[in-house]
Structure formats: C-alpha cells, structure tokens
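Take a walk through this fold, one contact at a time. Keep the viewer open and turn the model as you read.

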Amino acid sequence: MKIETLETHVVAVPPPHLGGMYWIFVRLRTACGIEGVGEVYTTAFHPKAVVPLIEDVFERHLLGHDPHRIERFWRQAYSSGFTQRPDPTMMGIVSGLEIACWDIIGKAAGRPVYDLLGGLVHERLRAYTYLYPKNAVGELDFNDPDLAADCAAEMVAMGFTAVKFDPAGPYTAYSGHQLSLGVLDRCETFCRKLREAVGSRADLLFGTHGQMVPSSAIRLAKRLEQYDPLWFEEPVPPGQEAAMAEVARATSIPIATGERLCTKYEFQRVLELGAASILQMDVGRVGGLLESKKIAGMAEACYAQIAPHVYCGPIVAAASLHLGAASPNFLIQEAILDFGGFHAEILKRPLAFEDGYLLPSREPGLGVELNMDVVAKHSPYTGDRLHLQMAPEPADVKQFDPARG
C-alpha cells in the first residue's frame with residue numbers, strides 16, 4: 001500500500017467563528033483507492049503560507065510511502081532540515097497528515113482507530129464546553145458574570161458536568177503580567193456566581209491562556225480555591241515549566257496545560273517538574289495520534305490524566321475521541337458546545353453527543369467523512385486574520401480594570 005495523492009482544503013468558518021476563523025483539512029489517497037482525512041492545527045501563519053508547507057512535507061516524507069509506517073514518517077519529518085526539536089508548525093502539519101494515515105490504516109483493517117491504539121477502554125467520553133453567553137440582542141458577551149452563570153446552568157441542563165470560562169483577560173502578546181485588583185475581583189465574582197448557578201452538579205474549569213506571572217497566578221489561585229475548580233489552566237505562558245511548577249506547589253487546584261505544547265519532549269519536562277497533573281495535548285498540533293498516545297502513557301506512569309484540547313474543526317475532534325477511548329487515564333474531552341452547527345454541517349454524519357458525553361464511532365478508521373459540497377461552498381478562506389489572535393498591546397490597568405473605568 002502506497003500513498004499517491006494529497007488534497008488540501010482551507011475552509012472559512014462562518015460567524016460566530018466557533019473553532020477559529022478557518023480549518024485546514026487534508027485528504028490522502030492510496031494507489032489502491034483508500035482515502036483518509038486529517039486536519040492541520042497550525043496557527044502562527046496564514047493558510048496561504050501553510051498550504052505550500054503541507055505540500056512540501058507530503059512530497060518529501062509521505063508520497064509513495066506506506067501509511068502504516070507512522071514512526072518512519074514522524075521521525076523523518078521531525079528531523080527535517082537537521083532540526084530534531086519541537087516545532088509547532090511542523091508538528092501541526094505532521095499531525096494532520098498522520099491523522100489521515102490512521103484513517104487509512106483503520107479502513108484497511110476494517111477497525112476503528114481506537115482498536116489499533118490499544119482497544120476500547122471508555123464506551124463514552126465525558127465532555128466539557130466553553131461558555132458562550134449571549135446578551136439581549138443575541139451577541140456573544142464574555143464579560144457579564146450573570147450571563148455566564150445563566151449559560152452555565154443551560155449547559156448543565158444539556159448534560160454537561162463541566163464548563164470552562166476565562167474572565168482574566170485580555171489575551172495579550174505581552175503576557176505574563178500581574179493582574180490588577182479589579183480583574184482579580186472579576187475572576188472571583190465569575191467563580192462565585194457560576195458555583196451558585198450549578199452547585200455540585202458540574203465542575204468549574206478556570207482557563208487563563210498563560211496571562212500571568214507566577215506570583216499573580218498564585219494570588220488568583222488563593223481566591224479561587226474556595227470554589228473548588230477542577231483545574232487552573234495554563235496559569236503562566238508556555239515554555240517555562242519551572243514557573244508553572246511554582247504555581248502548582250502553591251495551590252490545591254490541579255494545574256492543567258498542554259494545548260500550546262508539541263511532542264513528548266515538551267510534555268516530559270512538565271511531568272518531570274510536577275508542573276501539571278492534567279495534560280491537554282491537541283492531537284492536531286502535538287504530533288498526531290501516536291505521539292498523543294505516547295504522552296498519555298507517560299502521564300499514566302506519573303499518575304497524571306489527559307483532557308485533550310480541541311479548538312478547531314471536527315476531524316481533530318474525531319481523532320481526539322479515539323485517543324480518549326483508548327486511554328485508561330482519560331479525564332475529560334473538550335467540546336465546542338455539542339459539536340452542532342458548522343461542526344455538524346461539514347460532516348456527512350455529525351459527532352455523536354448524548355447527555356454530556358461524546359460517543360466514539362464504531363466505524364472503521366476515524367468514522368467521519370467530510371461533506372465535500374459544504375467544504376466547497378466555504379472554500380477558500382479569503383480573510384486576513386489568523387486562526388486565533390492575541391491583543392497587540394500590553395495589559396493596561398486603566399483599560400481593563402472595571403474598578404477604574
């Protein structure tokens with residue numbers, strides 16, 4: 001069996017852009033006619049720069065090769081250009097192509113991918129979602145704690161047993177920084193009102209996206225402990241695991257991290273220093289399914305759990321379900337609401353969501369197929385914005401502190 005062709009599709013996500021501004025899908029086809037689909041989660045460059053890179057990696061390392069040989073592909077791409085070090089863009093591309101290879105492997109074997117990763121452990125996967133509160137005119141409003149509390153109650157009514165929120169903004173390119181007293185108050189207010197709204201029916205997942213220096217994260221954690229969040233996510237910027245470990249030692253709240261890390265090597269350092277006990281690898285960025293499974297095994301040996309990250313399209317989400325289904329130390333899977341809306345529209349059959357749980361497909365391969373009519377309708381992406389963007393200015397107490405106006 002040899003891989004013969006590659007197709008790349010950059011799909012524009014319609015407003016309100018849940019899952020990012022665009023999704024990058026790849027389709028591989030073997031000479032014997034088996035097709036596999038993957039998704040590339042790389043965010044540092046515009047797709048017009050990324051697509052030629054995908055083609056280059058494909059032509060150098062996959063064209064004419066057997067898709068079963070995942071380790072060969074991974075090591076050669078990882079070492080490309082004499083690098084042999086974690087590179088988020090390369091690993092995002094490798095992830096998407098590797099996921100497509102697994103789809104082919106599963107279809108060729110007539111088995112779901114999770115059966116090839118160790119077999120089914122979890123018949124259904126606990127899910128959580130970010131809160132997407134809407135104001136009186138139907139616009140998303142992330143700054144009102146009362147709207148967030150109402151939204152949390154709605155999500156619990158849908159079956160979710162955990163909800164995530166991040167009131168500690170802004171997401172600035174100049175983080176980490178010291179949060180102002182006003183922002184600390186706002187964070188505590190959000191936690192209090194959400195806990196009042198959901199009681200013990202749901203866990204609170206506090207996100208921060210690396211906005212703080214360690215001392216500020218510790219100050220905030222002490223305020224939040226009384227509301228017993230399940231985790232305190234990425235309290236400091238990625239890349240300094242010792243700083244995150246400093247926060248972990250100072251709070252009873254479990255630390256979660258990993259959405260911006262790639263390869264087993266970056267996660268090894270997190271585990272070695274005790275920086276986090278919940279790992280949030282993104283299958284579409286970390287290096288693919290096999291690399292994610294290796295990281296899950298490392299975590300299992302350290303009594304840490306996994307909570308795979310998803311903030312892109314449904315192919316990465318589908319791959320994440322196979323990882324979680326085959327991982328004994330799975331904790332919870334990120335969802336984008338119930339993966340309805342455009343996530344469902346772009347698939348021939350949507351991901352299965354039932355009473356707060358995601359159900360792994362029992363079909364061969366990933367168990368999902370793109371609706372190519374919908375892909376064509378929303379391609380190509382013509383905007384200038386990246387998948388996600390950070391504020392270009394430093395945090396300003398006067399601008400972002402509600403206590404000062």
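Which residues in α8 meet Glu266, Arg269, Val270 and Leu273 in α9? They are Glu241, Ala242 and Ala245. Bear in mind that this is a predicted model. Helix α9 covers residues 263-273. Its axis and that of α8 come within 9 Å and cross at roughly 35 degrees. The crossing of α8 past α9 is right-handed. Sorted by class, the residues of this contact are 4 nonpolar, no polar and 3 charged.

Now look at another partner of α8. Helix α7 spans residues 214-224, and helix α8 spans residues 241-249. The two pack at an angle of about 25 degrees, and their axes are 9 Å apart. Angles under 35 degrees count as roughly parallel, so α7 is roughly parallel to α8. Here too the handedness can be stated: α7 and α8 make a right-handed crossing. On the α7 side, the contact involves Pro214, Ala217 and Ile218. On the α8 side, the partners are Ala243, Glu246 and Val247. This contact of α7 with α8 holds 5 nonpolar residues, no polar ones and 1 charged.

Next, move to α2 and α3. Helix α2 runs over residues 70-78, and helix α3 over residues 88-109. Their axes come within 11 Å and cross at roughly 170 degrees. An angle over 145 degrees counts as roughly antiparallel, so α2 is roughly antiparallel to α3. From α2, the contact draws on Ile70, Phe73, Trp74, Ala77 and Tyr78. From α3 come Met90, Met91, Val94, Leu97, Glu98, Cys101, Trp102 and Ile105. The class count for the contact of α2 with α3 is 12 nonpolar, no polar and 1 charged.

Trp74 leads on to the rings. This α2 residue takes part in the contact with α3, and Lys264 lies over the face of its ring. The distance from Lys264 to the ring centre of Trp74 is 4.4 Å. How many aromatic pairs does the model have? With ring centres within 6.5 Å as the rule, the count comes to 10 aromatic pairs. One aromatic cluster is formed by Trp23, Phe25 and Phe342.

Finish with the backbone. Most residues other than glycine have a negative phi, and most peptide bonds are trans. Where does His17 lie? It is in the loop between β1 (3-12) and β2 (22-30). His17 has a positive phi of about 60 degrees, although it is not a glycine.

The loop between β5 and α6 deserves a stop as well. Strand β5 covers 162-165, helix α6 covers 181-198, and Pro170 lies in the loop between them. Pro170 is joined to Gly169 by a cis peptide bond, with omega about 15 degrees. Gly176 is also found in the loop between β5 and α6. The bond from Ser175 to Gly176 is cis, with omega near 5 degrees.

How values were computed. Residues are numbered from 1 along each chain as its sequence is written. This is a predicted model: local features need pLDDT of at least 70, side-chain atom pairs count only at pLDDT 80 or more; totals for chains, interfaces and linings use all residues. Side-chain values use heavy atoms; hydrogens and water are left out. Axes are lines fitted to C-alpha atoms, for helices over the stretch in contact, and angles run from 0 to 180 degrees between N-to-C directions. Helices (H or I, at least four residues) and strands (E, at least two) are DSSP runs, numbered from the N terminus. Angles under 35 degrees count as roughly parallel, over 145 as roughly antiparallel, 65 to 115 as roughly perpendicular and the rest as oblique. A crossing is left-handed if the near helix is turned anticlockwise from the far one by less than a right angle, and right-handed if clockwise. Contact means heavy atoms within 4.5 Å. Ala, Val, Leu, Ile, Met, Phe, Trp, Tyr, Cys and Pro count as nonpolar, Asp, Glu, Lys and Arg as charged, and the others, Gly among them, as polar. Rings of Phe, Tyr and Trp (its six-membered ring) pair if their centres lie within 6.5 Å; planes under 30 degrees apart count as stacked, over 60 as edge-to-face and the rest as tilted. A charge sits over a ring if NZ of Lys or CZ of Arg is within 6 Å of the ring centre and within 35 degrees of the ring normal.
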